[in-house]
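Visitor: Hi! Could you walk me through this one? I'm new to reading structures.
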Amino acid sequence: GGTTHAGRRVPKHRGLLFAGRETQVWFSTDDGDSWQSLRQNMPASSIRDLVVHDDDVIAATHGRGFWILDDIEPLRQIRGRIAETTLFKPQRAVRIRWNKNTDTPLPPDEPMGQNPPDGAVIDYYLPTAAGTVTLEIRDAAGAVIRRYASTDPAPAPKDEGNIPWWWIRPLKSLSTTTGMHRFTWDMHYPPAPGSRNAYPIAATPHDTAPAPTSPWVMPGTYTVALIANGKTYTQPLMVEMDPRVKTSAADLQQQFALSKEMYDDIAQLEEISDRVRAFRAQMRAATASAGISALRKQASELAGASAEEDDEAPPAAAPDHETLSSLTQSLRAVLRLLQESDEAPTTQVAAAVEDRRRAVAEILGRAQTFETAARAAKLPPAAKGASAIKPQ
């Protein structure tokens with residue numbers, strides 16, 4: 001009984017239609033025999049024109065500007081009513097550095113549009129509520145490079161240093177409720193262990209993501225796996241490079257390989273640091289002796305000074321040795337240099353990676369010597385509330 005102002009057919013999919021009417025957008029997957037609402041978060045407004053552009057639908061409204069629905073790929077794949085859990089085949093994901101604004105953020109009351117999802121868009125449908133939902137991103141060899149779960153903690157944003165809470169993008173967990181759901185993967189490996197959130201000055205109110213602390217994945221084919229109600233559903237995902245980047249695939253591969261070395265070394269050193277902290281807690285519970293004093297000195301030279309971990313003034317590390325803390329910080333710095341642009345690593349940065357890898361090999365040897373001695377000392381359990389070393 002209403003007025004239809006615009007109707008559009010999707011070129012890539014026979015039967016998929018969109019209609020702009022007086023209060024909202026409607027869509028049909030069966031050439032107009034039946035229609036469903038596509039209002040989503042739009043206000044009730046007269047839709048005066050529609051454009052289907054690649055994988056997006058743009059709606060021009062009467063007096064309320066333009067609205068864009070990003071990625072209509074799931075609508076192309078719907079065949080009638082969905083009766084079972086479905087992982088839709090994702091559209092291609094383009095690896096783009098989204099934030100090019102280096103200025104200070106706009107005030108929160110400044111009218112502004114909303115940017116498209118900054119990553120690979122993954123859509124899934126649950127016919128009934130699921131107990132737990134898990135999403136895995138696997139590389140060409142089948143290795144899991146990123147895993148999300150509905151049980152992941154998602155605390156509300158809070159002030160972080162001089163960053164106000166309302167700058168920060170809330171963490172999102174996978175939904176387990178009935179219906180359609182959308183999730184975005186940022187095309188990075190998991191954040192480097194032990195890293196702290198750092199935010200760009202060019203903030204978007206309520207949607208500022210922390211700066212990445214892990215490498216971009218390489219362009220190529222990946223597998224998305226959805227695990228729900230004991231079943232696994234998979235779809236291929238193609239990651240493509242920003243078409244404006246002219247860096248060769250070989251140079252991008254070199255950048256990734258060096259970055260992955262720094263990333264893996266950070267994870268390894270963080271694990272060792274955790275074990276050293278646990279040993280220190282056990283040493284504090286041990287009866288004082290020359291052997292315990294020697295172990296304490298060795299731990300301080302290895303990990304660095306920490307008043308919380310040692311009640312004695314720890315000696316400074318030998319000048320020709322690095323500590324776990326200082327070495328990890330330098331690895332993070334080199335990783336940031338490698339990942340700051342889509343370019344081949346410079347000769348200087350490549351040399352820095354080689355130097356840091358030698359330092360890692362040296363400190364791993366010292367760590368192994370310390371841990372062997374600490375285990376041989378048969379240290380007592382740590383005091384209640386302190387970290388305890390886990391058996392290997």
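Guide: Happy to! Let's begin with a hairpin: β14 and β15 have 2 residues between them, and N229 there takes a positive phi near 55°. Keep in mind that this is a predicted model.

Visitor: Okay, how do β14 and β15 pair, and over how many bridges?
Guide: They run antiparallel, with 9 bridges between β14 (residues 220–228) and β15. As one example of who faces whom, T223 stands opposite P236 in β15.

Visitor: What does β9 pair with, and in which sense?
Guide: Strand β9 (residues 93–95) pairs with β15 (residues 231–241) in the parallel sense, over 3 bridges. Here R95 is the residue that stands opposite M241 in β15.

Visitor: What actually links strands in a sheet?
Guide: Strands of a sheet pair through backbone hydrogen bonds, and the pairing can be parallel or antiparallel.

Visitor: Got it. Now for β1 to β4: in what order do those strands sit in their sheet?
Guide: The order is β1-β2-β3-β4, in an open sheet of 4 strands with antiparallel pairing. At the edges are β1 (4–9) and β4 (36–37), each of which pairs on one side only.

Visitor: And how many bridges join β3 and β4?
Guide: There are 2 bridges between β4 and strand β3 (residues 25–28), in the antiparallel sense.

Visitor: Let's switch to helices. How many residues does α5 have, and how far does it reach?
Guide: Helix α5 has 30 residues, and from its first C-alpha to its last it reaches 44 Å. That is close to the 44 Å expected at 1.5 Å a residue.

Visitor: Which residues of α5 are buried?
Guide: Quite a list! Among them are V349, V353, R356, A359, V360, I363 and F370. The cover over the buried residues of α5 includes α2 (249–285), α3 (290–303) and α4 (324–339).

Visitor: Last one: what is the phi of K378, which follows α5?
Guide: K378 has a positive phi, near 50°.

Technical notes: Residues are numbered from 1 along each chain as its sequence is written. This is a predicted model: local features need pLDDT of at least 70, side-chain atom pairs count only at pLDDT 80 or more; totals for chains, interfaces and linings use all residues. Side-chain values use heavy atoms; hydrogens and water are left out. Two strands pair if DSSP finds at least two bridges between them. The expected span of a helix is 1.5 Å times one less than its number of residues. Buried means under 20% relative accessible area, exposed over 50%, partly exposed in between (1.4 Å probe, protein chains only). Contact means heavy atoms within 4.5 Å.
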